[in-house]
Amino acid sequence: MKKQIILNIRRDDVRVAVREDGELTEFYIERGSVVSSVGNIIKGRIESIREELKAAFVDIGENEAGFLPLKDLYVSIPDKKNIDIGREIIVQVKKEAYGTKGARLTTFIAIPGRYLVLLPLRKLVGISRNIRDKKDRKKIQIVAEKIRPKNMGLIIRTVASGKTLRDLKAELSGLLKVWQGIKWKYRVESAPVLLWKEEELPIKITRDLLDDSVVELIIDSKKDYKKIIEYLSVRKSVLLDRIKLYEESIPIFTHYGIEQEMRKIFRRKIWLKSGGYIVIDKTEALTVFDVNTGKYRGSKKTEEMIFKTNSEAASEIARQLRLRDIGGIIVIDFIDMKDMRKEKILITRFRAYLASDKARFKITPNLSPYGLLEMTRERVRRSISKRFIEPCPYCEGKGHVLSPPYLFSKFTSWVEKKEDSLKNTKVRILANPRVANYFETEGRDSLEHFCQSNRMHIEVVGKEDQPIESVEIITLKNDETITEEI
């Protein structure tokens with residue numbers, strides 16, 4: 001499997017695409033105004049205890065209180081049933097806030113490095129499940145026990161395989177210093193306060209995803225390219241030559257076809273090579289994949305055709321789970337098969353397709369009598385659909401439309417693509433008032449930057465009859481008017 005990581009750095013957001021054997025499998029984005037809080041370590045204050053939920057709600061300085069399950073409460077607190085309201089506590093964000101739900105928290109702190117994860121409050125050693133060789137795992141286990149700090153724990157990451165004891169000790173020393181800094185800040189600062197912030201996305205992606213399976217990591221920002229090179233150089237990484245700086249005039253996502261692939265993420269129906277298709281229906285807690293034979297006109301026997309379609313669907317569903325970052329309860333309605341042996345083969349293949357998924361998941365061992373496969377998958381961040389689409393305001397949430405942030409992102413791509421031809425022009429943006437308001441507030445800095453760097457004038461006009469999911473762009477230059485829509 002050839003893995004490729006592509007990073008697009010803009011003034012207002014960072015976009016990351018991961019492709020495996022030429023197919024888009026993962027996509028991440030962080031906007032300047034909506035940065036992920038997952039991994040942040042915070043000194044919070046307990047607001048309330050809900051015995052019926054077996055949880056505490058913690059003020060962490062956000063709009064919604066964080067949700068802390070009592071089972072995730074550090075064992076140094078002897079009586080979890082009598083926790084004082086107002087008590088200050090150290091927590092780490094495990095999952096982003098979602099809808100009206102606050103962030104999911106834990107007190108089992110984990111400080112990640114490139115080779116190791118330090119667990120300052122747990123006495124255990126864990127080894128990445130991607131290190132599969134039993135001999136390697138045994139060797140690593142022995143090394144980990146040697147360097148594990150007293151009364152603390154470690155997780156050994158995949159890229160640690162083959163590293164010297166000296167390399168691991170050097171990184172561990174750095175992680176211990178981070179923990180000392182966190183403890184010092186905890187003592188002197190009042191809650192709620194951020195004690196430690198997770199790395200910026202380019203470094204986080206490099207730390208977590210760059211391994212031997214990655215043939216190249218391509219980035220279009222010279223500044224962040226240098227940061228990544230420095231980060232890897234300090235750690236004496238042998239993968240330095242796989243970091244490439246993209247310097248072409250064509251936007252990087254356009255060059256690699258990512259923009260085109262992105263449009264498919266929001267489709268409800270996905271066609272398969274055999275002529276079959278998958279329909280995806282989603283609620284807040286449940287996602288259903290319905291597999292159908294569709295246009296299949298093969299000459300093979302019906303049972304073989306069904307197995308082929310189900311197998312293709314299993315591969316595509318595994319990809320879509322990662323790409324859309326779908327979490328919660330998932331039900332897959334495969335086409336009914338009479339052969340029990342083929343059912344078992346199908347489930348085995350589906351598990352194999354999910355082997356690259358870093359999210360935790362559980363799958364039922366067998367299909368139900370109606371051909372249903374049930375599974376759960378952890379949700380860490382907001383799914384791509386939640387970032388880029390929103391409930392339609394005209395049909396009371398029964399449908400979805402593209403969100404203002406996504407339309408602004410598309411406008412930014414449009415400017416980058418036409419940058420040379422936009423100098424000394426006047427651009428009028430006609431948008432629904434809700435979208436126009438986003439352009440003029442959240443997008444204001446970027447619009448001013450475009451105006452200054454390209455000597456262009458941009459005017460945003462709110463238009464009541466403009467569809468909420470599209471933006472009309474009118475370009476005026478040399479008495480010529482060009483109208484386009486995104």
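In this predicted model, helix H10 and helix H11 cross in a right-handed sense, and their axes, belonging to residues 404–417 and 433–441, come within 9 Å at an angle of roughly 60 degrees. On the side of H10 the contact is made by Pro 404, Pro 405, Leu 407, Phe 408 and Phe 411, while H11 contributes Arg 434, Val 435, Tyr 438 and Phe 439. Sorted by class, these are eight nonpolar residues and one charged residue, with no polar ones.

H10 also meets helix H12, residues 444–454, where the two axes come within 12 Å and cross at roughly 10 degrees. Because angles under 35 degrees count as roughly parallel, H10 is described as roughly parallel to H12. Here Phe 408, Phe 411, Thr 412 and Val 415 of H10 touch the group formed by Ser 446, Leu 447, Phe 450 and Asn 454 of H12, and this contact divides into five nonpolar and three polar residues, with no charged ones.

Turning to the nonpolar cores, the largest holds 28 residues, of which Phe 289, Ile 317, Leu 321, Ile 332, Phe 334 and Phe 350 touch the most other members. Among the elements that give two or more residues to this core are strands E17, E18, E19 and E21, together with helices H7 and H8, and H7 gives the most, with eight residues. Leaving aside residues up to four places away in sequence, Phe 334 touches Val 291, Asn 310, Ala 313, Ala 314, Leu 346, Leu 367, Gly 371 and Leu 373. Apart from this core lies another, of 27 residues, including Ile 127, Ile 131, Met 152 and Leu 154.

Key
Residues numbered from 1 in each chain as written. Predicted model: local features only at pLDDT ≥ 70, side-chain atom pairs only at ≥ 80, totals over all residues. Heavy atoms only, no water. Axes fitted to C-alpha atoms, helices over the stretch in contact; angles between N-to-C directions. Helix = DSSP H or I, 4+ residues; strand = E, 2+ residues; numbered from the N terminus. Left-handed = near helix turned anticlockwise from the far one by under 90°. Contact = heavy atoms within 4.5 Å. Nonpolar A, V, L, I, M, F, W, Y, C, P; charged D, E, K, R; others polar. Core = buried A, V, L, I, M, F, W, Y, C linked by side-chain atoms within 4.5 Å. Buried < 20%, exposed > 50% of the residue type's maximum accessible area, 1.4 Å probe, protein only. Parallel < 35°, antiparallel > 145°, perpendicular 65-115°, else oblique.
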